[in-house]
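Please look over the structure below before reading on. My notes follow as numbered points.

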Amino acid sequence: MMNGSINVVAGRATPSYIIDGEALTVIDVCFPSDAKNIIDYVRNRMHRPIDDIKLVVLTHSHIDHVNGVDYLVKKTNTRLAAHARAVKYLAGKKAIRLPGICQIFRFIGFFFSNGLPRPSLTDTFTMPWAGIPGIRKRIRTRVAYRLKDGDTLPGCPGWLVYHTPGHTDDSICLYNSEMKALISGDFLVNLKDRLCLAPLLRLDEAATRKSFQKLKRLEVSRVYPGWGRPVRGEALLDKVIGG
Ligand SMILES: [Zn+2]
């Protein structure tokens, strides 16, 4: 397996990714039970000690990407990284903006056609329910690394941070030029094997367009989306639906 390769751990809603580099870097943790699956995956599939997980990165602060973080940190001692703008949401100091009514209907439609998140009973009672638009709920873990556009992921050489506001103002994508790989969060999602530009929610349409123009300068032949399976192919960003 090449250095920097990406492992996919399917979640109860959104997938998590593990970058296998100098250390292990986990991207997004939906529910506590997903954190448990990540730990099992590292031990049993990668045959690595869980202490090799040094960093967990959040692509943005929505509920389906953050609620397993406290569990993962508690079990592994990993540190947390997110965009600087995510800090106030994760700390419960500010609520993520509510979507408009049309977007809420789009949101409901999305879940009906793509399957609802399925928290376990334990998840339901133990997770902090953070990252819900309009509601302040906090993740206990402190953000150790406040990421900004152009940063290299700490301990993960070759992976650059792109701040891509639009879906939320704290959204980031992670890009590796050698692998031509993009971990996109919900900025891009895979619906029925087609990549779509933030089809679920665009809290800022103009920012979404601007961020996408920035990404389109990158050569991308693998996308690891916020929802759905990874997609491979040449010039993937030229074929994005709604782009
Ligand atoms: Zn989202």
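**Notes on the predicted model**

1. Tyr-162 and Tyr-175 are both buried. The model is a predicted one, and the points below should be read that way.

2. How many aromatic pairs does a search of the whole structure find? The search finds 2. In one of them, the ring centres of Tyr-17 and Tyr-224 are 5.4 Å apart and the planes meet at 80°, so this pair is edge-to-face. The pair links distant parts of the chain: Tyr-17 belongs to strand S2 (residues 16-20) and Tyr-224 to strand S12 (residues 222-225), 207 residues apart.

3. Tyr-17 has 2% relative accessibility and counts as buried. Tyr-224 has a relative accessible area of 4% and is buried. The cut-off for buried is under 20%.

4. Tyr-162 and Tyr-175 also form an aromatic pair, edge-to-face, with 6.2 Å centre to centre and 85° between the planes. Tyr-162 sits in strand S7 (residues 159-163) and Tyr-175 in strand S8 (residues 172-176), so the pair ties together parts 13 residues apart in sequence.

5. Now the metal site. Which protein atoms are donors of the zinc ion? They are His-60 (NE2), His-62 (ND1), His-167 (NE2) and Asp-186 (OD), at 2.1 to 2.2 Å from the ion. Angles among the 4 donor atoms run from 90 to 163°, and the site is irregular. A tetrahedral call would need all angles between 85 and 135 degrees.

6. Along the chain, the zinc donors are spaced H-x1-H-x104-H-x18-D. His-62 and Asp-186 link distant parts of the chain, 124 residues apart. His-62 is in the loop between strand S4 (53-57) and helix H2 (63-66), while Asp-186 is in the loop between strand S9 (181-185) and S10. His-62 and Asp-186 are both buried.

7. Helix H5 (residues 101-114) passes a length check. Its 14 residues should span 20 Å at 1.5 Å a residue, and the end C-alpha atoms are 20 Å apart, which agrees. Gly-115 follows H5 and has a positive phi, near 95°.

8. Which residues of H5 are buried? They are Gln-103, Phe-110 and Phe-111. These cover an arc of only 90° around the axis, so they lie on the same side of H5. The buried residues of H5 pack against strand S10 (188-191). On the other side of H5, Ile-101, Cys-102, Phe-105 and Phe-112 are exposed.

How values were computed: Residues numbered from 1 in each chain as written. Predicted model: local features only at pLDDT ≥ 70, side-chain atom pairs only at ≥ 80, totals over all residues. Heavy atoms only, no water. Helix = DSSP H or I, 4+ residues; strand = E, 2+ residues; numbered from the N terminus. Expected span 1.5 Å × (residues − 1). Buried < 20%, exposed > 50% of the residue type's maximum accessible area, 1.4 Å probe, protein only. Arc of directions from axis to C-beta. Contact = heavy atoms within 4.5 Å. Donors = N, O, S within 2.8 Å, 3.2 Å for Na, K, Ca; no water. Tetrahedral: all angles 85-135°; square planar, octahedral: opposite > 155°, others 65-115°. Phe/Tyr/Trp six-rings, centres within 6.5 Å; stacked < 30°, edge-to-face > 60°.
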